[in-house]
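Me: Could you take a close look at the salt bridges in this model and walk me through them?

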Amino acid sequence: MAQEVRGVIAPGKDEPVRVETIVVPDPGPGEAVVRIQACGVCHTDLHYKQGGISDDFPFLLGHEAAGVVESVGEGVTDVAPGDFVILNWRAVCGQCRACLRGRPQYCFNTHNAKQRMTLTDGTELSPALGIGAFAEKTLVAAGQCTKVDPSVSPQVAGLLGCGVMAGIGAAINTGNVGRGDTVAVIGCGGVGDAAIAGSNLAGAARIIAVDIDDRKLEKARTMGATHTVNSRETDAVEAIRELTGGFGADVVIEAVGRPETYKQAFYARDLAGTVVLVGVPTPEMKLELPLLDVFGRGGALKSSWYGDCLPSRDFPMLIDLHLQGRLDLEAFVTETIELTDVEKAFERMHHGDVLRSVVVL
């Protein structure tokens, strides 16, 4: 039978979020109901609230989550009731051209639950990134559930569902950061700090953190940055070049998503170096670069989708590293909050007061 639970919805563009009663149907074929234990407050949720992703209101917000599988539908074999899982928004299909070429991390046909969760009056909800986890329970495609070691804290495990995975993956999977590399990370929010942590894991010799907020730069050092640059006070490109013998960094990760900072990344890399765009731009943004510079500097200009991760491969590995004490996921959690505090958490995020607020249920 369908269940009624509490959940946080965005009713309309720029309207305050509110807690409502959500109706969660029984799982159909290929679906699962997950009891949410924790969900991070991600900037993407704020984009949904502001209408920056689509106008398919009302949205059931939240996607950076971990919890326990409560029930599964027909044909589900990869997870079972009682499994502790991290939710992901890349449920690979196994049949598209990317999957068939052995590149499931680029799956072009990822899928969500077919049924919709609703309000009690029958109004259909649009789950953020196909998940909708600011709720006591949610309905997802079973492929969106990745089983991990249950001894990990839910409030840190869920962070791999989006921001932390995006940043670590931008460094390791997309940027291919290796031992001895020099890396610059522009933008030191949650994703940027995760890129710093990922670069540190990969053995980078020098990691340069760039931001306009000294508070964020101080935090970046605790994540593994060896040098910091306040780009409000110093030219970021010149500073990065000075710290790399005049050459520029081997890999520059842009975690802001703006044309100005992308140009900084482009000119701050070494010849034949790599730029990784993991910051999310808005639709109206345009980039202009001299084509001769694009040709003459060589190397690679990449964008990183979800850290080019494969959840079934990357989530368990990163959880294991955390449990071994080699990846401090706790450092990303600034505060734990309740469902009723999500609107205030968006305000603190906007002012740069938190790295991550995490809803604990």
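Reply: Happy to! Asp213, Arg215 and Asp353 are linked in a network of salt bridges, a salt bridge being a side-chain nitrogen of Lys or Arg within 4 Å of a carboxyl oxygen of Asp or Glu. The model is predicted, so local features need pLDDT of at least 70 and side-chain atom pairs count only at pLDDT 80 or more, while totals for chains, interfaces and linings use all residues. Residues are numbered from 1 along each chain as its sequence is written, and side-chain values use heavy atoms, with hydrogens and water left out.

In total, the structure holds 12 salt bridges. One of them joins Arg356 to Glu64, with the closest N and O atoms 2.8 Å apart. Arg356 sits in the loop between helix H11 (342-350) and strand E18 (357-360), and Glu64 belongs to strand E5 (residues 64-72), so this pair ties together parts that are 292 residues apart in sequence. Helices (H or I, at least four residues) and strands (E, at least two) are DSSP runs, numbered from the N terminus. Both Arg356 and Glu64 are buried; buried means under 20% relative accessible area, exposed over 50%, and partly exposed in between (1.4 Å probe, protein chains only).

Next come two further pairs. Arg313 bridges to Asp314, where the closest N and O atoms are 2.7 Å apart. Arg313 is partly exposed because its relative accessible area is 38%, whereas Asp314, at 3%, is buried. Glu260 and Arg258 also meet through their side chains, at 3.1 Å from N to O. Glu260 counts as partly exposed at 45% relative accessibility, and Arg258, at 40%, counts as partly exposed too.
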